[in-house]
Amino acid sequence: ALAALLAKSATVCLPLVMIAWLRWLRGATWRVALTRALPAAILSAAIAILVATVWSAHAMIPWARPDAAPIDVAATIATYGARTLVPIDLAPIYPAAAPHALVGAIIVGLGLVAAAVTWRRWPALARYALVAWLAALAPVANLVPVWFRFADRYAFLALFTLIAPLALGFAAVAHRLARTPARLATGALALGRD
């Protein structure tokens with residue numbers, strides 16, 4: 001955790017990703033997950049305060065926003081979500097405001113409400129993916145505005161959190177597909193005997 005924080009301040013999200021990993025991919029209790037993530041959380045809090053102080057002292061935090069804070073943050077998440085789902089029209093730096101900010105904010109808001117309503121039916125992989133992806137975006141979601149508001153490189157950590165659930169999901173699908181011919185053959189044999 002310390003090496004990650006010294007390499008890139010956006011890794012302050014690591015404790016939240018660790019909690020999600022331990023809780024939904026490893027099956028740990030909330031108490032175990034929170035306890036194991038505590039040292040990283042303390043380090044992350046210290047680094048976050050240090051970075052915010054340095055950025056503020058060097059005028060690297062533009063407090064003027066293109067939209068109200070809730071719309072701005074949700075629109076930022078929508079922008080990264082769209083580029084995660086459909087990685088086209090990528091660029092090193094994007095405009096200062098999210099395109100179609102209000103529409104993006106509404107979509108994110110509705111998505112979060114839908115996730116909250118259906119949360120109990122979600123498999124552990126999906127829970128981890130959503131929580132870890134959002135946690136990894138938190139440092140660049142303009143909760144505290146950053147000077148360069150959008151950049152594809154900001155989404156790297158969020159994309160990294162999706163590797164495990166995608167790999168495990170693909171493995172589960174492959175396992176089911178591998179069993180399907182055996183089930184079909186068994187069903188055909190049973191029909192042939194009748």
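Tutor: Helices are DSSP runs of at least four residues and strands are runs of at least two, numbered from the N terminus. On that basis the protein chain of this predicted model has eight helices and zero strands. From the N terminus on, its elements run α-α-α-α-α-α-α-α.

Student: What makes the protein chain more spread out than a compact globule?

Tutor: The globule rule is 2.2 Å times the number of residues to the power 0.38. For 194 residues the rule gives 16 Å, whereas the radius of gyration is 21 Å, well over that value, so the chain is more spread out than a compact globule. Along the principal axes, the C-alpha atoms fill a box of roughly 80 × 40 × 30 Å. Buried residues make up 31% of the 194 residues. The chain exposes about 12300 Å², of which carbon and sulfur atoms supply 74%. Of the contacts with a separation of 6 or more, 73% are between residues 24 or more positions apart.

Student: How do you know that the reach of helix H5 is close to the expected one?

Tutor: The expected span is 1.5 Å times one less than the number of residues. Helix H5, residues 101-118, has 18 residues and reaches 26 Å from its first C-alpha to its last, close to the 26 Å expected.

Student: Which residues of H5 are buried, and why are they said to line one face of the helix?

Tutor: The buried residues are Ala101, Gly104, Ala105, Val108 and Ala115. Seen down the axis of H5, these residues fall within an arc of 100°, so they line one face. As a general point, an α-helix has 3.6 residues a turn, so residues three or four places apart point the same way. The buried residues of H5 pack against helix H4 (69-85) and helix H6 (124-137).

Student: What does the face of H5 turned away from its buried side carry?

Tutor: That face carries the exposed residues Leu102, Val103, Ile107, Leu110, Val113 and Val117.

Student: Why does Thr79 count as buried?

Tutor: Buried means under 20% relative accessible area. Thr79 has 9% relative accessibility, and therefore counts as buried. Thr79 is found in helix H4, and a polar atom of its side chain lies 2.9 Å from the backbone oxygen of Ala75. Leaving aside neighbours within four places in sequence, Thr79 is in contact with Ala98, Pro99 and Phe150.

Student: Why does Thr11 count as buried, and where is its place?

Tutor: Its place is in the loop between helix H1 (2-7) and helix H2 (14-25). With the cut-off for buried at under 20%, Thr11 counts as buried because its relative accessibility is 11%. A polar atom of the Thr11 side chain lies 3.0 Å from the backbone oxygen of Ala4. The side chain of Thr11 also reaches the backbone nitrogen of Leu5 at 3.3 Å. Beyond neighbours within four places in sequence, Thr11 is in contact with Ala4, Leu5, Ser44 and Leu157.

Student: Why is Leu90 called partly exposed?

Tutor: Under 20% is buried and over 50% is exposed, with partly exposed in between. The relative accessible area of Leu90 is 48%, so Leu90 is partly exposed. Leu90 is found in the loop between H4 and H5. Leaving aside neighbours within four places in sequence, Leu90 is in contact with Arg83 and Asp152. Leu90 and Ala151 are 61 residues apart in sequence and 8.7 Å apart in space, C-alpha to C-alpha.

Technical notes. Residues are numbered from 1 along each chain as its sequence is written. This is a predicted model: local features need pLDDT of at least 70, side-chain atom pairs count only at pLDDT 80 or more; totals for chains, interfaces and linings use all residues. Side-chain values use heavy atoms; hydrogens and water are left out. Buried means under 20% relative accessible area, exposed over 50%, partly exposed in between (1.4 Å probe, protein chains only). The arc is that of the directions from the helix axis to the C-beta atoms. Contact means heavy atoms within 4.5 Å. A polar contact is a pair of N or O atoms within 3.5 Å; within protein, one must be able to donate a hydrogen and the other to accept it, and residues adjacent in sequence count only if both atoms are side-chain atoms. Accessible areas come from the Shrake-Rupley method with a 1.4 Å probe; for residues, only the protein chains shown count as cover.
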